[in-house]
Amino acid sequence: MKISESWLREWVNPEVGTDELVAQLTMAGLEVDAVESVAGDFNGVIVGEIVGCEQHPDADKLRVCQVAGLEGLSQVVCGAPNARVGIKIPFATIGAKLPEFDIKKAKLRGVESFGMLCGQTELKAGDDDSGVWELPADAPVGANLRDYLNLNDKLIEVDLTPNRSDCLSVKGIAREVGVLNRAPVTAPAIAAVPATIADTFSVHLEAGYACSRYVGRVIRNIDITRPSPAWLQDKLVRSGLRSIDAVVDVTNYVLIELGQPMHAFDLSSLNDAIHVRMAHQGESLVLLDEQEVKLNADTMVIADQKGPLAIAGVMGGKASAVSENTRDIFLESAFFNPLAIAGRARSYGLHTDSSHRFERGVDYNLQVEAIERATQLLLDIVGGEVGPLVHVNNEHLPQEREVTLRKARIVSGLSLEMADDEVVDILSRLGLKLVSQSVVGWTFAVPSYRFDISIEADLLEELARVYGYNRLPTRSLAAPLDIEPHPEAKMGLPALRKQLIARGYQEAITYSFIEPKLSALFDPKVEPVILRNPISADMAAMRTSLIPGLVSVLRHNLNRQQSRVRLFESGLRFVPEASGLKQEPMLAGLIYGSRSPESWANAAEMVDFFDLKGDLESLLALSGDEAAFSFAPDDNPALHPGQTAGVYRNGEWQGVIGALHPSLQQQLDIPQSVYVFEVRLSALLGARIPAFSALSKFPEVRRDLALLVDRNVAADKLLTAVRSQAGEHLTDLKVFDVYMGKGIDPHRKSVAMGLMRNFMRISASISVKRKSWWSSSLKRFAMLWKITNRSNCLALVTLSYAIKASVRVVTPRRERKFLSVPVAWLPFAQDKNLRHE
């Protein structure tokens, strides 16, 4: 907000200079961005009047003017097209110093010139370069221009935080300056304007909480041809607004002075009554800037019987605007709930001074004062006949709030013991009213213009900034720093980050807000939460998944020639549920491009599903309980239907992994396949407590099995079946080959698994007669299959390294034979009928 220092000092004039005033405002939380002079540095310029004007004898574009000033008439050669007899202009006399040059006696095309007639640009007092600066007709000839136009004024630009809407006016800033300097604030006298006619216009509030107060007034027979006075125009220009006509200028003046946005309708364009209601979806309205908009159902409008007249709190409509033919007006001043206005202007690509204030909150007790101020100014400028006020409220009007402040909280929050009288004095000067006081503390009533004060901490902030942040004592913090125990059954997020970074990933941090259309592409089944006042239109929806953000980062990198991308992100997703908004921590990852960095030593192979699955399994392994995780085919609208798997832990769904759907990939203009995963962080952080197990005394033996199964049988099911039957001595199990092709049924596949296990080596010697060595040996050997010990320990009878059961058969003399029988896993136990070697 830009404010004139001279206008501010009309309200409050502390005995401090501009620099100190600016420092006070900044230290009080009203940060000053810039201080500018109203005009450039010049002197020797007075108010002059052109009393004679003739064409230059040797130049078509020059005129020879006779200018009245302090010392009679002066001849000046001027090239301004608007130079003419009778106008008052800035006259730079001989010896004057302008911002860019000095004035000297000169001769132009043979005619002497004793000075210069100045425009706004020569004096750096404006940007109008159309000719000489035409001053008001009542400007006193010979007066110092700087003094007459108050060009020594400074413009103070204040950058207010959204919670300080009470300072979006001269009145609000003056109130703060008065508090900081203990100086009196002198507001202009605003008296109720008595009605001179009985004309009114009906108003109906139909928008509920969105509009709880509406004040209007009919003013007839105004003369809109009368211009606004120079002092009013100057104040508007120095506040960054241009003068339009007297009616609009007055409403803008009240906006800057008091902080209350107002609007004036041409009464002849209104039909029947004013209705403050919500728009009908698709209604159209042509605004003052001649832009036609299609209204949304969540937009509040000011309407009559025919249709919308204005977007409430944002901008009026062209059809009902005040024009040069207007004779009667209806003046409005209303209170709109900030939540009903927030984001509406932005949704139509607009931002106005009215919406800026209504979005942040306007004093709900200011409407009558503002309309009385505007009425009096209009009567003084354009005249007219005034009707009585139309004042309509409903039950949604905000009520006065009370906040309690404890003395002990001042000591703990500010490290300062403040006298009771000083506390009451500071808060009272800020407009708070003392309701009650006790030994413990105080209760204050919050003024209607302070939307930012609602809890005890807000009062502490007010005390601190008025007392002075630089005066608060500096003390070291004292707090217990006990180290909290870290449970072994819980793994930290840093461990997951380190693992992914070690595998070549880079962490991304994206916004929690995404474009609604992008959310619909990735998660069409879930309706996201839409923000009422988004930062921008493409950040209007709260994400229901982390994947859209990572894909957006991928596209950003692809547009910058980064062809190999590995990203991960941890954060919250926001899923609407019947019980409320569920905020769930998730971990997501994405890979794209070649499997290995570009190098002469690496083949140019692209990543696939199993590359990402391997990276995810490495995270699952960190928990020490990887056996609890499993993968199963899943369905996700954003992922490829044949390359999507759900991630499960102990049978419960925890996330998804897969390739981006080809149609979605095409819509996003991504040339190659993208692989993503998203898993609940809670599933990854849960770990199994390590437990000691003794090392086996026996060597590990591997058995490879190749099974022919239907193609639709998942390898995970085979692994689960083997684990359930192999027993506790199985040390490792893996699939090392899958074959589909020549030599086997086209509807089947060969899955090769490697089984590793610790075993005892057994050699059984059996003596038999030669005749029956084969049959008896087989009988004895068959006994080995049936014998099981108490611990149900499985063993493999081996000969050398071959996985076979071997029985040594002893025959008479030279006819000894060795029987080698291929067998599978055999139960084994002690047997007194067998002799062990």
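Start by selecting Ser165, Asp166, Leu258, Asp363 and Leu366: of the 15 residues lining the largest cavity, these lie nearest its centre. A cavity here is a set of points on a 1 Å grid over the protein atoms alone where a 1.4 Å probe fits but cannot get out, and lining residues have an atom within 4 Å of a point. Its volume is about 150 Å³, taken as the space filled by probe spheres set on the points, which are joined across faces, edges and corners.

You are viewing a predicted model, where local features need pLDDT of at least 70 and side-chain atom pairs pLDDT 80 or more, while totals for chains, interfaces and linings use all residues. Numbering runs from 1 along each chain as its sequence is written, and side-chain values use heavy atoms, without hydrogens and water.

Next, colour helix H5 (residues 170-181), which gives the lining its largest share, three residues.

Now pick Leu8, Ile173, Val247, Leu331 and Leu378, which touch the most other members of the 49-residue largest nonpolar core. Such a core joins buried Ala, Val, Leu, Ile, Met, Phe, Trp, Tyr and Cys residues through side-chain atoms within 4.5 Å; buried means under 20% relative accessible area (1.4 Å probe, protein chains only). Helix H7 (residues 246-258) supplies the largest share of this core, eight residues.

Finish at helix H13 (residues 420-429), whose buried residues are Val423, Val424, Ile426 and Leu427. Viewed down the H13 axis, they fall within an arc of 165°, so they line one face of the helix; the arc uses directions from the helix axis to the C-beta atoms. Glycine 431 follows H13, with a positive phi near 105°.

Definitions and conventions
On a 1 Å grid over the protein atoms alone, a cavity is a set of points where a 1.4 Å probe fits but cannot get out, and a pocket is an open set with protein on both sides within 12 Å along at least five of seven lines; lining residues have an atom within 4 Å of a point. Helices (H or I, at least four residues) and strands (E, at least two) are DSSP runs, numbered from the N terminus. Buried means under 20% relative accessible area, exposed over 50%, partly exposed in between (1.4 Å probe, protein chains only).
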